[in-house]
Amino acid sequence: MMSQFLDAIKARRSIYAISKEEVVSDQRVEEIVAEAVLHTPSSFNSQSSRVVVLFHEQHDKLWDITKETLREIVPADSFAPTEEKMAAFRSGRGTVLFFEDQEVIQGLQEQFALYKDNFPVWSEQSSGMLQFVVWTALANEGIGATLQHYNPLIDEKVRNEWNIPASWKLIAQMPFGKPMAEPGEKPFNPIESRMKVFK
Ligand SMILES: Cc1cc2nc3c(=O)[nH]c(=O)nc-3n(C[C@H](O)[C@H](O)[C@H](O)COP(=O)(O)O)c2cc1C
């Protein structure tokens, strides 16, 4: 069991080339994301994480919105690579949007003034854990995904398009789909430089 867990962690990679073809049913993806949201820990069990899962045309819309937002700020003569990147994400089947509910965090700050400065940090950490659980669980089903950060540029348009509550802060976007290429080589720094053991 333990080795299966670590194997799943090792198998997760950033997969940029994705298609719309079904790997597992959309319902299965929904189940995975729901399980991840329920069972990923959060500070004080605050459960501050929120997600929105976009499939098909809704997913396409997100990457159209992102492309048009970037077009407003990237110089026209250097927009081609950005446009290509947006098209690659749009080629996927869906996107998971990760949010953190700021109302929950403010509530905790008022309730536990001693930890006031920590709650926003812990909220980001909890979101990171959730992102990793979803990413790894999707990879475990044979789905490729990457982690993207077009927030805060797209926040307002996303909020308006999907009627997102004002207190939900967008943290990350995870486009996913059928993997169409192997991930590149990943260099590893020596573990000795990153880990100390005392016994
Ligand atoms: C907190 C965090 C933020 C990241 N942000 C981005 C991002 O904005 N865009 C992107 O393409 N990849 C992003 N990545 C992916 C990393 O570049 C990638 O995980 C790393 O290079 C290792 O490659 P692997 O995912 O294939 O193992 C992010 C990863 C983490 C953990």
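Trainee: What lies 2.9 Å from a polar side-chain atom of His-149?

Mentor: A polar contact is read from a pair of N or O atoms within 3.5 Å. In this predicted model, a polar side-chain atom of His-149 is 2.9 Å from an oxygen atom of the ligand. Tyr-16 likewise places a polar side-chain atom 2.5 Å from a ligand oxygen atom. Leu-147 takes part through its backbone, with an N or O atom 3.0 Å from a nitrogen atom of the ligand. The ligand taken alone exposes 620 Å², and the protein buries 53% of that area.

Trainee: Which residues are around the ligand?

Mentor: Among them are Arg-12, Arg-13, Ser-14, Trp-135, Gln-148 and Lys-186.

Trainee: Is Gln-131 buried or exposed?

Mentor: A residue is called buried under 20% relative accessible area. Gln-131 counts as buried because its relative accessibility is 7%. This residue is found in helix 6, residues 118-140, and its side chain forms a polar contact of 2.7 Å with that of Ser-127.

Trainee: Which residues make the nonpolar surface patch?

Mentor: Phe-44, Leu-114 and Tyr-115 make the patch, which covers about 340 Å². Phe-44 sits in the loop between helix 2 (26-39) and strand 2 (49-55).

Conventions: Residues are numbered from 1 along each chain as its sequence is written. This is a predicted model: local features need pLDDT of at least 70, side-chain atom pairs count only at pLDDT 80 or more; totals for chains, interfaces and linings use all residues. Side-chain values use heavy atoms; hydrogens and water are left out. A residue is near a molecule or strand if one of its heavy atoms lies within 4 Å of it. A polar contact is a pair of N or O atoms within 3.5 Å; within protein, one must be able to donate a hydrogen and the other to accept it, and residues adjacent in sequence count only if both atoms are side-chain atoms. Accessible areas come from the Shrake-Rupley method with a 1.4 Å probe; for residues, only the protein chains shown count as cover. Patches are made of residues with over 30% relative accessible area and no salt bridge: like charges are joined within 9 Å, nonpolar side chains (Val, Leu, Ile, Met, Phe, Trp, Tyr) within 5 Å. A salt bridge is a side-chain nitrogen of Lys or Arg within 4 Å of a carboxyl oxygen of Asp or Glu. Helices (H or I, at least four residues) and strands (E, at least two) are DSSP runs, numbered from the N terminus. Buried means under 20% relative accessible area, exposed over 50%, partly exposed in between (1.4 Å probe, protein chains only).
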